[in-house]
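Student: Could you walk me through this model, one question at a time? I would like to begin with a single residue and then widen the view.

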Amino acid sequence: MTRPAERTGERARLIGGTLVRVDRVGSTNDLLRTLLLRGAGEGTAVVAREQTAGRGRMGRPWASPPGGLWLSVLLRPDDPSDSRLALLVAVGVAEALHRIGAAAVGVKWPNDLVAGGRKCGGVLVESLPPWVVAGIGVNVHVDPTRFPPPLRAQAASLTEQIGDADLEEVLVAVLAGLEDVYAAYRAGQVAMLLDRWRALSVTLGQPVRIRSGGPGAGGHEVAGVARDIDAAGALVIDRADGGPVRVLAGDVSVLPGGSP
Ligand code: BT5
């Protein structure tokens, strides 16, 4: 375990105040759950060089070869099922990436980090009341041949924007970005954080199709123009064939004619 605050001489901080580094792990979210059972406290972070069973939402696989930031952070918010947490974590990460020069990174509702229309990162928030494990994946300088072939055209790495990105620099920036948004969240400044999400959004104003309710026949689709997010973090869509509808969870495709 290293304590970045001590190492860098910065003031003590919550997020990553205890940082566990591992070389290879199934999923940093799972390792953090194990550490929670062993008494880990709020702010504990786990970072892995490589994940062998990284996952996204609904059990989807998350490709995690070396060259990415694979990070999980333990939070204890007042409401561990607050669906805005994924948006706010994405804001903290995107703003951190901007600060280190990756200014093209945007957020796509609900949990994607994108650059130039391709996904460069994602957020997986898992609630274990009263705790939350926030998992963050960012492709920093992943060798594209290490992605499974279907992903190669869809996934982007930060190196495309900022050249030789240093994983350690990205880690320090992201921990600071999370510290900032989480402190604001705890202080009740959610409306301001949602405004920051809006400023980073590549979804709003675009024609979209949202698939919700998971894959398969149980899924439900809504098409229209993404107008806004509301105070609960739901995406408000103006349907082509009807009035507005709010969607709390789902996958967004930006339709042809939309920008990214
Ligand atoms: C996500 O899920 O975007 C959340 C990803 C969270 C990953 C972090 S890494 C640290 C922590 N530990 C974990 O085990 N997970 C978290 P979702 O929106 O469901 O997107 C999953 C989809 O993204 C997949 O079905 C692929 O299409 C695509 N994908 C997989 N790996 C990718 C990658 N490295 N870069 C870009 N896209 C990827």
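**Getting to know the model**

Student: Is arginine 33 buried, partly exposed or exposed?
Tutor: Arginine 33 has a relative accessible area of 30%. Buried means under 20% relative accessible area, exposed means over 50%, and partly exposed is in between (1.4 Å probe, protein chains only). By that scale, arginine 33 counts as partly exposed.

Student: Before we go on, what should I know about how the values were made?
Tutor: This is a predicted model, in which local features need pLDDT of at least 70 and side-chain atom pairs count only at pLDDT 80 or more, while totals for chains, interfaces and linings use all residues. Residues are numbered from 1 along each chain as its sequence is written, and side-chain values use heavy atoms, with hydrogens and water left out.

Student: Which residue forms a salt bridge with arginine 33?
Tutor: A salt bridge is a side-chain nitrogen of Lys or Arg within 4 Å of a carboxyl oxygen of Asp or Glu. In this pair the closest N and O atoms are 3.6 Å apart. The partner lies in strand E6 and arginine 33 in helix H2, so parts that are 93 residues apart in sequence are tied together.

Student: In what order do the strands of the open sheet stand?
Tutor: Two strands pair if DSSP finds at least two bridges between them. The open sheet has 7 strands with mixed pairing. Reading across, the order is E1-E2-E3-E7-E6-E5-E4.

Student: Which strands stand at the edges of that sheet?
Tutor: Each edge strand has a single partner strand, so one side of each is left without a neighbour in the sheet. From one strand to the next, the twist averages 20°. The edge strands cover residues 19–25 and 106–108, and they are E1 and E4.

Student: Which residue in E2 stands opposite valine 20?
Tutor: E1 and strand E2 (residues 45–51) run parallel and are joined by 6 bridges. Opposite valine 20 stands valine 46.

Student: At about what angle does helix H6 run to E3?
Tutor: H6 (residues 167–186) lies across E1, E2, strand E3 (68–75) and E7. Axes are lines fitted to C-alpha atoms, for helices over the stretch in contact, and angles run from 0 to 180 degrees between N-to-C directions. Helix H3 (residues 84–99) lies across E4, E5, E6 and E7, at about 40° to E7. For H6 and E3, the angle is about 30°.

Student: Which elements do the buried residues of H6 pack against?
Tutor: Val170, Leu171, Val174 and Leu178 are among the buried residues of H6. An α-helix has 3.6 residues a turn, so residues three or four places apart point the same way. Counting contact as heavy atoms within 4.5 Å, the buried residues of H6 pack against E1, E2, E3, H3, E7 and helix H7.

Student: Which residue takes a positive phi just after H6?
Tutor: The residue's phi is about 80°. It is glycine 188.

Student: How many salt bridges does a search of the whole structure find?
Tutor: One of them joins aspartate 30 and arginine 55, with the closest N and O atoms 3.0 Å apart. Aspartate 30 lies in helix H2 and arginine 55 in the loop between E2 and E3, so the pair ties together parts that are 25 residues apart in sequence. Asp23, Arg24, Arg49, Glu50 and Arg146 are linked in a network of salt bridges. The search finds a total of 22.

Student: Which residue meets arginine 227 in a salt bridge?
Tutor: The N to O distance is 3.0 Å. Arginine 227 lies in strand E9 and its partner in strand E10, so the pair ties together parts that are 11 residues apart in sequence. Arginine 227 is partly exposed at 46%. The partner, at 29% relative accessibility, also counts as partly exposed; it is aspartate 238.

Student: How far apart in space are histidine 141 and alanine 86?
Tutor: Histidine 141 is found in the loop between E7 and helix H4, and Gly67 and Ser157 are among its contacts. In sequence, histidine 141 and alanine 86 are 55 residues apart. In space, C-alpha to C-alpha, the distance is 24 Å.

Definitions and conventions. Helices (H or I, at least four residues) and strands (E, at least two) are DSSP runs, numbered from the N terminus.
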